[in-house]
Amino acid sequence: MTEQQTGTTESAERHSPLHDEHVALGANLTSFGGWLMPLRYTSDLAEHRAVREAAGLFDLSHMGEIEVAGPQAAAALDHALVGNLSAVAPGRARYTMICQEDGAVLDDLVVYRLADERFLVVANAGNADLVARELVERAAGFDATVTDQGAGTALVAVQGPRAEEIVAGLTDPADPVAAETVRDLRYYAAAPLVLRTDDGPVDALVARTGYTGEDGFELFVPADRAADLWRTVLAAGAPLGLVPAGLSARDSLRLEAGMPLYGHELDTTTTPYEAGLGRVVKLDKVDADGAPLEFVGRAALAARRESPPARVLVGLRGLGRRPARAGYAVVLPGDGVDAGGAVGESARRVGTVTSGAPSPTLGHPIALAYVTPELSAEGTELAVNVRGRAEPVVVVPLPFYRRPQQS
């Protein structure tokens, strides 16, 4: 859950609380969702492989954090979002979306229920201000307060097979319950913990969530303590193979895991149903009296669920070596494509690639694309117009990669 890269200038970008740490590490910085963030530190491939094999440390401080609190906080979120947030137990989290009245996606979100009357909404950087404004407007009439906490909050992620060991090691050795809390934390759950840093303890919300397809944790801490935590995690994790990782590795990791990227698979022309995420839409929500709950976008989404889709999001495996990229046309292999693979003007476009890259883990190109429904079945052979040449692809199930089950 994040936004597309937007450029490489420092002119108007916000800086993460960890900006000086990234500069000291020699990071290649890039403009991203209105922030200047690390694209890579060493190489995309090395950082990607470290997360799959050991661990990576990511700065996610560009994400938005919005608190919704009060006696009717759950009811306000049930009205504002497509998910049933009142059904989330304290200490758990849910992936959901905020949609327009027409059902199109304004942003995809992770919402943590911190207590009965307190929630934390995590939004994508480029949409954080919009989401905060929408939540304020949609919470009007409810006994709930919406507070943008992004400026005072930093977020770092430890992702990979060694993540649990690293994060558990940040707890106080004199408090074995804290380390056990980390190890016992379920996927999409969170707990407040005190973590050790070289400059003293820091209060953190530790969540077992992430965007890489690996086990991992996201650590929310006060912005003024982020550098302390960052340096401590780097030092503690280095012997276990942890490296700092940038946005490029994060993007290739989430693509292998088949996770959507706002601005690519999700936008204001797309409903959750086209994206294959209709499961997050809870049309059966009811209010406190048991009556059907009319949340924002419900009527349009209910109609969309009953209508045949015009396009379907699919996974594509490249059969050649040249990767598809976002915006490339998906075409029929034998329609307007000559024997040498050149794509002519008469080629029939049947879809569009939304994300694509070589897969470091799998060793072949992969892509996500919207195609017409009749061509969405697994095993369907298609082609992508890669700079005038038809590159063969085949529709495959998502995700492309699943992490090995631990014994």
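**View 1. Lining of the second largest cavity.** Pro38, Phe58, Asp59, Leu60, Ala245, Gly246, Leu247 and Arg250 line the second largest cavity, a cavity being a set of points on a 1 Å grid over the protein atoms alone where a 1.4 Å probe fits but cannot get out, with lining residues having an atom within 4 Å of a point. Strand E5 (55-59) and helix H8 (247-256) each give two or more residues to this lining. The second largest cavity holds about 40 Å³ of space. The model is predicted: local features need pLDDT of at least 70 and side-chain atom pairs count only at pLDDT 80 or more, whereas totals for chains, interfaces and linings use all residues. Residues are numbered from 1 along each chain as its sequence is written, and side-chain values use heavy atoms, without hydrogens and water.

**View 2. Lining of the largest cavity.** The largest cavity has a volume of about 70 Å³. Of its 13 lining residues, Gly318, Arg322, Ala324, Pro365 and Val393 lie nearest the centre. Strands E16 (312-318), E19 (365-371) and E21 (389-396) each give two or more residues to this lining.

**View 3. The largest nonpolar core.** This core has 42 residues, and is a set of buried (under 20% relative accessible area, 1.4 Å probe, protein chains only) Ala, Val, Leu, Ile, Met, Phe, Trp, Tyr and Cys residues joined through side-chain atoms within 4.5 Å. Val82, Tyr95, Met97, Tyr112, Phe220, Leu266 and Val281 have the most contacts inside the core.

**View 4. Surroundings of Tyr112.** Beyond its neighbours within four places in sequence, Tyr112 is in contact (heavy atoms within 4.5 Å) with residues including Arg92, Phe119, Ala207, Glu218 and Phe220.

Key. On a 1 Å grid over the protein atoms alone, a cavity is a set of points where a 1.4 Å probe fits but cannot get out, and a pocket is an open set with protein on both sides within 12 Å along at least five of seven lines; lining residues have an atom within 4 Å of a point. Grid points are joined across faces, edges and corners, and a volume is the space filled by probe spheres set on the points. Helices (H or I, at least four residues) and strands (E, at least two) are DSSP runs, numbered from the N terminus. Buried means under 20% relative accessible area, exposed over 50%, partly exposed in between (1.4 Å probe, protein chains only).
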